[in-house]
Amino acid sequence: MPPVKTFGERIAAALVEDGLLTTQQVEELLELQKKEGTRLIKLALEKAYVSEADMVVSMGRVLNVPPINLGRISIASEVAELLPRDVARNHKVLPVSRLDNKLFLAMADPLNVLAMDDVRRLTQLEVAAMIAPEKAILDKLNSLDTAKSGTIEDIIQDAKKRSEVELDADSLEVTPGASEEMNLDQLASSSEEAPVIRLANLILLQAIKDRASDIHLEPFEKQMRLRYRVDGVLMDSTPPPKQMQLALASRFKIMSNLDIAERRLPQDGRMRVRVGGKDYDLRVSILPTVHGEKIVLRVLDKSNLSASLDKLGLDTSTFQQVKAAVDAPHGLILVTGPTGSGKTTTLYSALNELNDPVYNIVTVEDPVEFQIPGINQVPVKKEIGFTFANALRSILRQDPDIVMIGEIRDKETAEIAVEAALTGHQVLSTMHCNDAPGAVARLDDMGIAPFLISSSVILACAQRLMRRICSHCKEPVTYPAKMFADLNFDPAEFKDVTLYRGRGCDRCKNSGYAGRLAIIEAMTVTDEIRKLIIARANAQDIGHTAVGQGMRTLRMVALDRAREGVSTLEQVLVLTMAH
């Protein structure tokens, strides 16, 4: 009698049958399942062998439960309210429709008998299970909550009705110094009013829904401006009324434990919000301007952190170079690029790879962006003289194996980092320069001796974030041959290649792009490059030698992504220089 297959094995067989998994991948997953004790389905999703949508269809077929696309249906509010939100979120379920005494319920896990029992008990209805991705259920619950609390426009209209003052921007009169007259009690009470709380919450909710990395709330003479940075580009949104400026600023200060009385000096704080069962950390920066306080909130989403290097989406050659450097017993690894290019996220991915009880890992950052269990993270406090250099000296007396420095900004920090790398520590850090060979030149400019640079640096990387084409409006595009010549592209590189662009749709707010991916230029410091460093060769000569040894420049990697149909030629031009 053949052995009875587990549910995971039945799903795996269905995925193989549907052509979504290979037998080799199934064997690998089964082996991992034995080692880690994790469910086979979860492992397949974590390794990105199968998308969640494909997994749902195959699970539905095995369980004989129909799948449902929640993005394409509208749910009546009276149906959605049949189940309390906390129960729905806890069990990852969503009431979809009701027919007489039967409730159709979207479930992330139709085998969850406890969830079905709870729903039956609370609704007094028979439950007909349907299967949907967990993310789709949580997104739908969030959109229902947003609809219930009203939009930013609704709150502004409500504020207009409540106010005796006409909120038309042209008719507003701002009296110099008037903002200073409101006392602390008024500030505190106005920040606790329902419209202010709802508006502040909606501003945060909209940012998370749009996958924004930053929220900009800017005061001007007669109006305010609200902008979200999505995929690296600032986009305007409906602004709050000018009359709510002080109350909103106070609300965000209270949420991030800042001083609401201080309106003349910059302030920095943090807050944590929970949306759809997920925690988001927000870094808050407040800057006084002539018309009031400008507020910028940086949204830190831990789900963007890769659990390991192989999930960064690197090409084989770059991955092997980065992995070899990370696995090295000591040496200095540098990641360079402009602000907001994902350098710190890449270093966190490397630390996740190294995070093991056998290592003492310490970071020094300004500020600490993501908190990672098992890693000692030290925030710099320049106002009390606790700088990168001072922190590093103390860290090196704490018997570290691996040290991460948020950024090398000055000679003193650079000297300590190089010295640590030469004395048996693995050091990871970021710098500001344009390409990988430029990192070596930057250390030389800081006054570090060339022989020390050549002995300590084992890998220099340059990184950018490239926008992905929106999968919902992706379409082929053809460019004239003359354009390739004008832009210094070799037309032969695009022979028999279909290039794509995003037409623009509601899903991507007509931008044609949705999401970003990292492109990385990795330069391993070989013996030949060491000789060039000692000879003080310029960055261009070092770059040519590295390319001759197989380094793929940012432009090469970006062109690969365009040829693969992941991004566009426009993005290649925006992000990279010709090499």
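Predicted model: local features only at pLDDT ≥ 70, side-chain atom pairs only at ≥ 80, totals over all residues.
Residues are numbered from 1 along each chain as its sequence is written, and side-chain values use heavy atoms, with hydrogens and water left out.

- Strand β9 spans residues 292-300, strands here being DSSP runs of E with at least two residues, and helices runs of H or I with at least four residues, numbered from the N terminus.
- Of the 9 residues in β9, 7 are buried, where buried means under 20% relative accessible area, exposed over 50% and partly exposed in between, with a 1.4 Å probe and protein chains only.
- β9 pairs in the antiparallel sense with strand β4 (residues 212-219) over 4 bridges, and likewise in the antiparallel sense with strand β8 (residues 278-289) over 9 bridges; two strands pair if DSSP finds at least two bridges between them.
- A hairpin of 2 residues links β8 to β9, and threonine 289 stands opposite glycine 292 in β9.

**The β1–β2 hairpin**

- Strands β1 (residues 93-99) and β2 (residues 102-107) pair in the antiparallel sense over 6 bridges, and arginine 98 has leucine 103 in β2 as its bridge partner.
- Between β1 and β2 lie 2 residues, and aspartate 100 in this turn has a positive phi of about 55°.

**Nonpolar cores**

- The largest nonpolar core has 45 residues, of which Met55, Leu70 and Leu94 touch the most other members; such a core is a set of buried Ala, Val, Leu, Ile, Met, Phe, Trp, Tyr and Cys residues joined through side-chain atoms within 4.5 Å.
- A second, separate core of 38 residues includes Ala414, Ala421, Cys433 and Ile533.

**Helices α20 and α21**

- The axes of α20 (residues 527-534) and α21 (residues 539-548) come within 10 Å and cross at roughly 175°, the axes being lines fitted to C-alpha atoms over the stretch in contact, with angles from 0 to 180 degrees between N-to-C directions.
- The two helices α20 and α21 are therefore roughly antiparallel to each other, a term that applies to angles over 145 degrees.
- Glu528, Ile529, Leu532 and Ile533 of α20 meet Asp541, Ile542, Thr545 and Ala546 of α21, contact meaning heavy atoms within 4.5 Å.

Definitions and conventions: Parallel < 35°, antiparallel > 145°, perpendicular 65-115°, else oblique.
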